[in-house]
Each structure stands twice: as structure tokens, then as C-alpha cells.
Amino acid sequence: MTSYIGALDQGTTSTRFIIFDHAGDVVAIHQREHQQIYPKPGWVEHDPLEIWTRTQEVMAAALEKAGISPRDLAAIGVTNQRETTVVWDPHTGEPYYNAIVWQDTRTDKLCNELAAEGGQDRFREKVGLPLATYFSGPKIRWILDHVPGVREAAAQGRAIFGTMDTWVIWNLTGGAQGGSHITDVTNASRTMLMNLHTLDWDEEMLAVMGVPRNMLPEIRPSSDPQGYGRWEGVPICAALGDQQAAMVGQTCFEPGEAKNTYGTGCFMLMNTGEEIVPSQSGLLTTVCYQLGDAPAVYALEGSIAIAGALVQWLRDNLRFFDFSHHIEDYARAVPDSGGIYIVPAFSGLYAPYWQSDARGVIVGLTRYINKNHISRAALEATAYQTREVLDAMEADSGVRLKALKVDGGMVRNNLLMQFQADILNVPVVRPKVAETTALGAAYAAGLAVGYWNDLDDLRANWQIEKTWQPHMDNATRERLYRGWKKAVQRSMHWIED
């Protein structure tokens, strides 16, 4: 009898394979980072072949750590960094260009041109998204327009597109020898090419973006009993974008339930059920998940481009510390940030502003400021950005959040979690299993093959590890938040060309 479920988590900075048992506990994990490529200011790329190599390495190593073989896995689920765009030759498996990462801003001119007629929100009713550099459609168009020979190859069926779920599943299921060219509804909803109402590629959007339909993968449910193909005999039965996978891992199955994931970026989602809720406050309307033949469930999302990536920047670019977790020690060495704010608009401002012309700033500097204050301000920046998203979410949904479920790498930072509770004025709740992104992919795969029976099985696994209660007084909270809002204004309209 098979005893475990595998989850491949292909993220922005690393790839992990995690093996879970029936209780949702981690049996084994292996993780490898991959290179971040910055050819020009605002450009961010990954090497797809390096990511495929890392995928194979982490799957083999996690199985070895667990002392099991592939036949001990009932199914595999895949979760991934969303919007990151790969175009490759299906006959050879060779990418035509590096993967263009979701943070990349090179498509700002195209997005501005498309917004000149009808505004930034001209396609929101259909796709739930504003015109922004974040999404895959403009990235595909950039590759078609700027990489020699790709448009001609696409016309001949020699160039196909995928987000990272599509790329790794195609390779896992055979690659050039018949690999499955598929994606799921959550990842497709991040391309600007899928109609939220029909859950299919939209002909008008394909024409606007100049993307041939024959490049695109088949759209399937997030949890699919039919499966997408097999790896070493194991069915691959689930695919979800990382933030939607975290919703499943946090068992946010009821309308009004919400979570926030603190990773490279920071992403808050609220379940809106089978209702598509248009945002009036700068949020995204997105597919949350689709389980088998059941109707799709939707969500409101607030996307923040830079969260943990700011800590990485202090570590790698400024050499503040050797390991990211050391930031908490430096931040605790001072009682506050000394009056400074860091607005990490490295890729422009995402929710709720959607301004690609913004850039990062540090404001309020005096000679009193040292490395400790900057470290603390970096952590606080994530909490302030989350407050802005929560305000927008409550305005759109009419739901007052009673507690915030959190997950992701940064939730191990107790100072950040306490400040988050303080600035939101709601309790912050960390579950026992913080690997909720991979867990959500495992849950979706396990549901597809009957490893778990239903959503109640998954809810029974969810347990609280720690809760942070707000302690800050209202006057201090609002004074600090006013300062943040003022700092954000200083970051705007920096790029003029």
C-alpha cells in the first residue's frame, strides 16, 4: 500500500520536494536554490534548464531521505511561482530564452500602450486583472517580438508556452517524448489570457496580446482524478499556483476565510466562494482552486512584489548578514526603526497601487540610523504593505477579518509577526505545519486519488502552533501607518521614460 503524497514546490528562489503523511506532517524535504539573473535594471530571469535539473535533484534526494521509492507515493502535486514565463521547442525541450520572472518590469511600455485605450482596468471584468508587468501574457508577447525566430516557430508549432507548473510537468511526464502540455485554472488565471467566467483561453485577449492559441497548454482542474500523466509510475494529479496552494494548505475553504503568505513576495487571499467579486480597491480577482468536476472557487488577492526579497537584498547586495534569519537579531537590537521607512518598490508597486513607475526608497534618514534600524524597517515594510492590502480587502468584501492565518518562510520571525498583529490590530495565527504551499499541492493530489476523502479530512489536520495578539495602542498604530503612507507617495512616478 502506498503511504505518502509528494509535493513539488517550484518557487522563485528555490525548488523543493516534500513528502507528507496522512496527518499532513512532513516526512522528508529537500531544497535547492537556483540562480537569479538580472540582465538589466528591472529585468529578472531564471534558467529553465537549471530549474529542471534542481527538480530532479530534490525529488531524488527527498525520497532517499525518507527511505522510500516512487512506488510508495500515492500521487504527486505541483505548486509553483506564478506568472513566470517560459517558451520552448516541444521537439527538443530547449527554451528559446530564459524564463521571464513575475517580478520583471520589461513589459511596462507594452502595458502602457494597451492601457492608453480604455485604461489600466480595461480587461478587469473578463480576466480579473489590471494591465501590469506582473502577468504572463505581456511576457509571452515580449518573447515573440524580441527573440529572433520565435514567432515563426510558434506559427509552425515549434514554440509552446508554459508557466513553471507547465514546464516541470511537461518534463516529468516525458518531455519531448510526449510530455503533457497542461496547466490548471489557477495558473491560467494569472496570464491575462483566460476568461474567468468560461475558464478557457479568451480569443479577444489572445488577439490583443498577439499570442497564438496553439502555443498554450490545455487548462485542467487544480485537482484532477484523471491526472496529467505519470512520473516513475506515480500519477501527477494536482497543480496550483503557489498562493492558491497555500489557501488549500491553510484549509481556507469557506467564503471570507483568508491567509497571508510571506515569501519572496507577500500575498493575501480571501475566499469568495463561487462568486467572482470585481475589486474596486486595487486587488486582483483570481481563481482560488477547482477540485475535479466541482465549480471553480474564486478569491480576492492582494499581491506584494517584495517581502522576503528585501531581506535577501540586505543579505546579498549590501552584505548586512550571512543568513537571512539573522535579521531578527539585528532588528531586536533597537526598540524601533528610528523614524525611517523602506518602501521596497524594486519592481514598482503592486497592490493596491499598480504603479510600474515606482522604485524603492528609504526615507527619514538621519545620522542616528544604523544597520539595526534598517533591518527593523525592512521587516516592518512587509507588515505595512500587508495592512494596505487588508484595508483594500475589507473594503471590497465587506468582511472584517477576525484573525489572519499566516505561512511562508518569514513567519518564523517572531518580531515581524508581533509587529504584524500590532499594525493590523487583529490576531496573527501560525499553523503547526508552516509548509502550507507544498501541503496544499499534496492535499489537492491526495483528494484526486482518494488518499484523503474530503475537505473535512483536511480541516482535521490543521492545528495552531502560535498566535500573536495585538498590543500596540491605537494612537501609535495610526501614527506609524500615516508615516508609511507618506513614504509610499515618495516612491511613486520615479521612472519617467
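Q: At roughly what angle do the axes of helix α10 (residues 308-316) and α12 cross?
A: This is a predicted model, so every value here is computed from it. Two packed helices are described by the angle between their axes and the distance between the axes. For α10 and α12, the axes come within 8 Å. The crossing angle is roughly 160°.

Q: Is α10 roughly parallel or roughly antiparallel to α12?
A: The axes of α10 and α12 cross at roughly 160°. Angles over 145 degrees count as roughly antiparallel. That makes α10, relative to α12, roughly antiparallel.

Q: How many nonpolar residues are in the contact of α10 with α12?
A: From α10 come L310, V311 and L314, which meet I374, S375, A378, L379 and A381 in α12. By class, that contact has no charged residues and one polar residue, and the nonpolar count is seven.

Q: Which residues does H373 touch, not counting residues up to four places away in sequence?
A: H373 is another residue of helix α12 (residues 371-397). H373 counts as buried, because its relative accessibility is 1% and the cut-off is under 20%. Its contacts are V334, D336, S337, G338, I340 and Y368.

Q: Where do the axes of α1 and α6 stand: at what rough crossing angle?
A: Helix α1 covers residues 48-66 and helix α6 covers residues 164-172. Their axes come within 11 Å. The crossing angle is roughly 60°.

Q: What does that angle make α1 relative to α6, and is the crossing left-handed or right-handed?
A: The axes cross at roughly 60°. That makes α1 oblique to α6. As for the hand of the crossing, α1 passes α6 in one that is right-handed.

Q: Is D422 buried or exposed?
A: D422 sits in helix α13 (residues 414-424). Its relative accessible area is 10%, and the cut-off is under 20%. So D422 is buried.

Q: How many Å apart in space are D422 and P470, C-alpha to C-alpha?
A: Leaving aside neighbours within four places in sequence, D422 is in contact with Q469, P470, H471, M472 and R477. D422 and P470 are 48 residues apart in sequence. In space, C-alpha to C-alpha, they are 4.3 Å apart.

Q: Which residues of strand β21 (residues 404-407) are buried on each side?
A: In a regular strand the side chains alternate between the two faces of the sheet. Both faces of β21 are covered. One side has L404 and V406, and the other has K405 and D407.

Q: Which residue of β22 is the bridge partner of K405?
A: β21 pairs with strand β15 (residues 258-262) in the parallel sense over three bridges, with T261 opposite D407. β21 also pairs in the parallel sense with strand β22 (residues 428-431), over two bridges. In β22, the partner of K405 is V429.

Q: How many of the residues of helix α9 (residues 242-249) are buried?
A: Helix α9 is mostly covered. Its buried residues are D242, Q243, Q244, A245, A246, M247, V248 and G249.

Q: Near what value is the phi of E232?
A: Most residues other than glycine have a negative phi, and most peptide bonds are trans. E232 is in the loop between β13 (230-231) and β14 (234-241) and is exposed, with a relative accessible area of 58%. Its phi is positive, near 50°.

Q: Which residues is P70 in contact with, leaving aside its neighbours within four places in sequence?
A: P70 is placed in the loop between α1 and β5 (73-80). Its contacts are L63, W231, E232 and V234.

Q: Is the peptide bond from A351 to P352 cis or trans?
A: P352 is in the loop between β19 (341-343) and β20 (361-363). For the bond from A351 to P352, omega is near 0°, and the bond is cis.

Notes: Residues are numbered from 1 along each chain as its sequence is written. This is a predicted model: local features need pLDDT of at least 70, side-chain atom pairs count only at pLDDT 80 or more; totals for chains, interfaces and linings use all residues. Side-chain values use heavy atoms; hydrogens and water are left out. Axes are lines fitted to C-alpha atoms, for helices over the stretch in contact, and angles run from 0 to 180 degrees between N-to-C directions. Helices (H or I, at least four residues) and strands (E, at least two) are DSSP runs, numbered from the N terminus. Angles under 35 degrees count as roughly parallel, over 145 as roughly antiparallel, 65 to 115 as roughly perpendicular and the rest as oblique. A crossing is left-handed if the near helix is turned anticlockwise from the far one by less than a right angle, and right-handed if clockwise. Buried means under 20% relative accessible area, exposed over 50%, partly exposed in between (1.4 Å probe, protein chains only). Contact means heavy atoms within 4.5 Å. Two strands pair if DSSP finds at least two bridges between them. Ala, Val, Leu, Ile, Met, Phe, Trp, Tyr, Cys and Pro count as nonpolar, Asp, Glu, Lys and Arg as charged, and the others, Gly among them, as polar.
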